[in-house]
Amino acid sequence: MSALDQHRIGSPLAKLLAGRARPHKTFSIEIARADGRVTLPLAMRSLTAEDAARAHADAVKWLISTGGWQREDLIGDAGDAILNLEVMVQTLTRALVDPEKPDVAFAAEAAEVRRFFEVDEIRAVWDEYATWSQERSPFRSLKTLAEVKEVADALGKGLASMTSLPRYEYATLRLIITALAGQRATWTTENSSGISQPIDSPADYSASSTPTMTVGEVE
């Protein structure tokens, strides 16, 4: 079968995932208006890498063409803040769906999100989306310093496989590396203080070098 024929009938990836409904989640936020506080029912769906790329590109395009910003203005703290907000707007425009019909977009265009939501409300909805995305991510995230220390201890003692590290997202990896560096600094300080460490006998070394348990990923 030629490459062209294969393209016409669809690649294995397309056959596997095309046509499958995207995951979605319903939630609600409380908004304040002149007539009081209202609970707004919302829903969101997952986005593809293409959706995310287009959201970022459209954010830059809108800020430059309509918002009056120059590309160099988007570099630095002020530029980062306004670009991040517009990326949120563009992303939520694509992610928000009708709670009753998850295949129908909730906002017709990004302008509606800017017009009807306040900045804090956009950030609140974004937090819901980011948290949900993290929960669904194949990458693991440690939420507390105690969890980070537990993983670092297991790695330092050889109770966890180094091959498990790529499963953690970037921020968590930085925390783990920082914890391991702190452990090493502590060990170096103890060794240089003149405290002699017990030396294993050859028999002890032989026994300790033989795995007695299956090393798996740290949960």
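Helix H5 makes the greatest contribution to the lining of the largest pocket, with 3 residues. The model is predicted: local features need pLDDT of at least 70, side-chain atom pairs count only at pLDDT 80 or more, and totals for chains, interfaces and linings use all residues. Residues are numbered from 1 along each chain as its sequence is written, and side-chain values use heavy atoms, without hydrogens and water.

**The largest pocket**

A pocket is an open set of points on a 1 Å grid with protein on both sides within 12 Å along at least five of seven lines, and its lining residues have an atom within 4 Å of a point. The largest pocket holds about 180 Å³ of space. Its lining includes Ile31, Arg33, Leu40, Glu112 and Phe116. Strand E1 (24-33) and helix H5 (110-116) are the elements that give two or more residues to this lining. The lining residues divide by class as follows.

| Class | Residues in the lining |
|---|---|
| Nonpolar | 8 |

**Helix H6**

Helix H6 (residues 119-136) has 18 residues and should span 26 Å at 1.5 Å a residue, which agrees with the 26 Å between its end C-alpha atoms. In H6, Glu121, Ile122, Val125, Tyr129 and Trp132 are buried (under 20% relative accessible area, 1.4 Å probe). These residues lie on the same side of H6, because they cover an arc of only 105 degrees around the axis. Asp120 and Glu135, on the face turned away from the buried side, are exposed (over 50%). The buried residues of H6 pack against E1, strand E2 (36-45), helix H4 (77-95), strand E3 (96-97) and H5, where contact means heavy atoms within 4.5 Å.

Note on methods
1 Å grid on protein atoms, 1.4 Å probe; cavity = no way out; pocket = protein on both sides within 12 Å on 5 of 7 lines; lining within 4 Å. Points joined across faces, edges and corners; volume = space filled by probe spheres on them. Helix = DSSP H or I, 4+ residues; strand = E, 2+ residues; numbered from the N terminus. Nonpolar A, V, L, I, M, F, W, Y, C, P; charged D, E, K, R; others polar. Expected span 1.5 Å × (residues − 1). Arc of directions from axis to C-beta.
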